[in-house]
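Student: Hi! Could you walk me through this structure? I'd like to begin with what sits inside.

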Amino acid sequence: MEEPGTVGAIGAAPPESGPWDQVLTHAFLVLSRDLGAHAAAVYLADDRGTSLLPVAIMGTPLTVFDLPARIPHDGTHVSAAAYRTGAPAYAELSTVVPDHPLQAILPGSYSTLAAPLTTGGTTFGTLTAVWSPPKSRARLEQLQTRMSALAEQLAAALSTRRAAARLSVLPGLPPVIVPAYGETVPDDRPPWGLGTVPVSRGLSHMYQVHKLAIALNRAYRLGDVVKVAQEYIALPFGAAGCVVAVAKDGRLEVVGRSGARWLARATHHEHPEQDLPGMRALRDRAPLFLTDRAAVLAAYPDQDVGRTSAVAVLPLCGSWGTNGCLLLSFDSPQVLEGDERALLMMMTTQFCMALDRAQLNEAERALGDALQRKLLPRALPEFPEMMVAARYVSGSQAAELGGDWYDVLALPGGIGLVVGDVEGHSVDSAVIMGQLRSGLRAYATEGHSPADVLARSSELLADLDTDLHATCCFIRIDPEFGMAEIALAGHPPPLLRDPDGTVRLPDAPPNLPLAVLPGAGYVAAEVEVAPGTLLMLYTDGIGEPGSSDLVANTHRLLTTACTADPDASLHQLADSLMTSATRTSAGHQDDAALLLALYEGSPQQSAPKIDHMFVARHDLRSVGRVRSFVRDFVSGGRLAELADDLEIMASEIATNALIHADSEVEVWVREYCDRIHLEVRDVDATPPVPTSVVDDDEANATAEHGRGLTIVDALCQNWGTSSNGRGKTVWLDIGTPQQGLWHSCRTDGDGRHSSTPPNGVTAPTEATSQQKPKDMVPSGQ
């Protein structure tokens, strides 16, 4: 056998009789073995003669994707030219159909040759072959002669056997795929099969593509997609790290990375005028391979590239408008072969579609969360007699909205606690929830009894002309006499934990859910609550999925949390309960709401002193008023020596909230017998992070914020932050001079203070707690 691609005998003539598969196999065998083509196809014209469609394709498991699935008869592809003119056509660098979706995976340089299939003066298709690396013009002219002779034999065989009538030439029907085994290659690339076994390398490629597709289909969030890129794209190619960047406002923005810190820093906010590899590859819509360290240093002259010796920059061009780059960094020089580059681009195409989907999911989830949180209370009111904490966690499905809500109301002569759940997971559920919450607030603040409030809310929901029902738990606390009036509308009953640690279930009638039966009456029950009693209201989202006894599971959840940390604050307990609930219900498909209320005693007893102030958005000059406010609160008497520290800490936290949360700010201060409790509330749920000054210049360069919290961490012994409603609360406790921070106090029946923690739950602090021993070093970024 002579060298592939040289002039010589075509090989044995095709059989004069026999089935179509023998004729086709012979033609492809000659192209592959004798003429050295790495891929070939038989194109036939469709019934209207406007397009050429492949009826058979030959190649290795990867190269079969190189050829387009439709070629317009008036296009620029060489197959279209051969079909129109009835004469062979070739191109040293083929011009593929511009909109062909797989154009990016074709080898960087190749030659294409097409010969018409003509019988009786009529051309009905073409025989097309691809060579990579490309052939010279002289070789293409020699190959053209052989291809023409082979096309004539094939056309005659098709005509005499009327085989063309047996081949479907209809859009959408898949072509016949004929494998080309080729010759074995040295076994010098272990990751991609055995070089001594035909097709092993190509099958290894396709195996990885298949596994990548499965992993991407299971990746729902943006972070999951980035992890898949690292595991199924970067690692198989031996890359040390990967960076995912998307184009936004004319720049590249890094949305995820694994390793490759310097590459992420160089790519983030990359501008077209910088002419760096990321924007260059995106602009040209073609991959860029920096194969050695010299090329990397030349492309990134102002960066410390560390050990990186090669970089692959792969453009992402999504169908939903996503544009960006996937960048791979290597610690050794990399010269990727043609099929490896084609494999990378094929995998990148799959990754880009998954990235599109993940970004759409993230956008829908952010929209849903924003709508959901706008319908929840921005902040809960403060009462001297009661401390409250609330948590809400949305479901795991991005496009689904929940109907769970909570509320705390200042009522005439009392305090109202509400938790409810509108059925369904849709925009309708969220909208109905907002309307129902507003109506219930109005009825409650008018002074109606809890049972009457639910009855009126049921009529309201029925009048909204919706098929949705809702459940609700409404409790009215009379702080003067220590009584709780509980009304349920088909909702799980609340749990009460007495000061002695006993968790009990109040005997309250379940009643019907709202709007189930027009005109239905509702009955409430009264229970006594002693100072130190904890009330827990919740929705079914915190229960175990598929559980038949939500109340028993929730009872066990509360008992376990209080037993595990008897000194936990109210907000630490809320975080613990919600964390345990979402961990138990893996994926937490349903949204969940939780409301905790710690009854601390009637106003006739020695209730904590409390005060608050409001700071308008962007009003940085009001930070001075915050300092004066907290200083005045503790001025005089035994608390005066706390003024300086409290003023500094309040100033730092309020400044952080005004600058980084970009919202209005509320400052609350409560005085207890053993401590001062400070809270700063804003509407940004992102928690702040304290940052320490370290010796690492790179870490310091990225740690631009959080210094104020380091000061707070040094001045107080207990502080934390928690998401709450539509924002977050940053809190701190500073011990009074007479008593340390680590003891809580409550009032006994005679008004005297006791240092025993009520209910095993310390009165007001919040989570996520940064509680630490006195000798703990402030945490870093």
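Student: How far can I trust the details?

Tutor: The model is predicted, so local features need pLDDT of at least 70 and side-chain atom pairs count only at pLDDT 80 or more, while totals for chains, interfaces and linings use all residues. Residues are numbered from 1 along each chain as its sequence is written, and side-chain values use heavy atoms, with hydrogens and water left out.

Student: New topic: how many salt bridges does a search of the whole structure find?

Tutor: The search finds 16. A salt bridge is a side-chain nitrogen of Lys or Arg within 4 Å of a carboxyl oxygen of Asp or Glu. One of them joins the side chains of Asp407 and Arg437, at 3.1 Å from N to O. Asp407 lies in strand E14 (residues 404-411) and Arg437 in helix H10, 30 residues apart, and the pair links distant parts of the chain.

Student: Are Asp407 and Arg437 buried or exposed?

Tutor: Both Asp407 and Arg437 are buried. For another pair, take Asp331 and Arg307, whose side chains meet at 3.6 Å, N to O. Asp331 is partly exposed at 39% relative accessible area, and Arg307 counts as exposed at 67%.

Student: Which residues are linked in a network of salt bridges?

Tutor: Those are Glu382, Glu600, Arg670, Glu679 and Arg681.

Student: OK, helix H14 now. Which of its residues are buried?

Tutor: In H14, Val623, Val626, Phe629, Val630, Phe633 and Val634 are buried. Seen down the axis of H14, these buried residues fall within an arc of 115°, so they line one face of the helix. The arc is that of the directions from the helix axis to the C-beta atoms.

Student: What covers them?

Tutor: The cover includes strand E23 (609-615), helix H15 (643-661), strand E24 (665-671) and strand E25 (675-682). There is a salt bridge here too: Arg631 pairs with Asp644, with the closest N and O atoms 2.5 Å apart. Arg631 lies in helix H14 and Asp644 in helix H15, so the pair ties together parts that are 13 residues apart in sequence.

Student: Last one: how many disulfides does the structure hold?

Tutor: The structure holds zero disulfides, a disulfide being a pair of cysteine sulfur atoms within 2.5 Å. As for individual cysteines, Cys325 is buried with a relative accessible area of 0%, and Cys562 is buried with 3%.

Terms used: Buried means under 20% relative accessible area, exposed over 50%, partly exposed in between (1.4 Å probe, protein chains only). Helices (H or I, at least four residues) and strands (E, at least two) are DSSP runs, numbered from the N terminus. Contact means heavy atoms within 4.5 Å.
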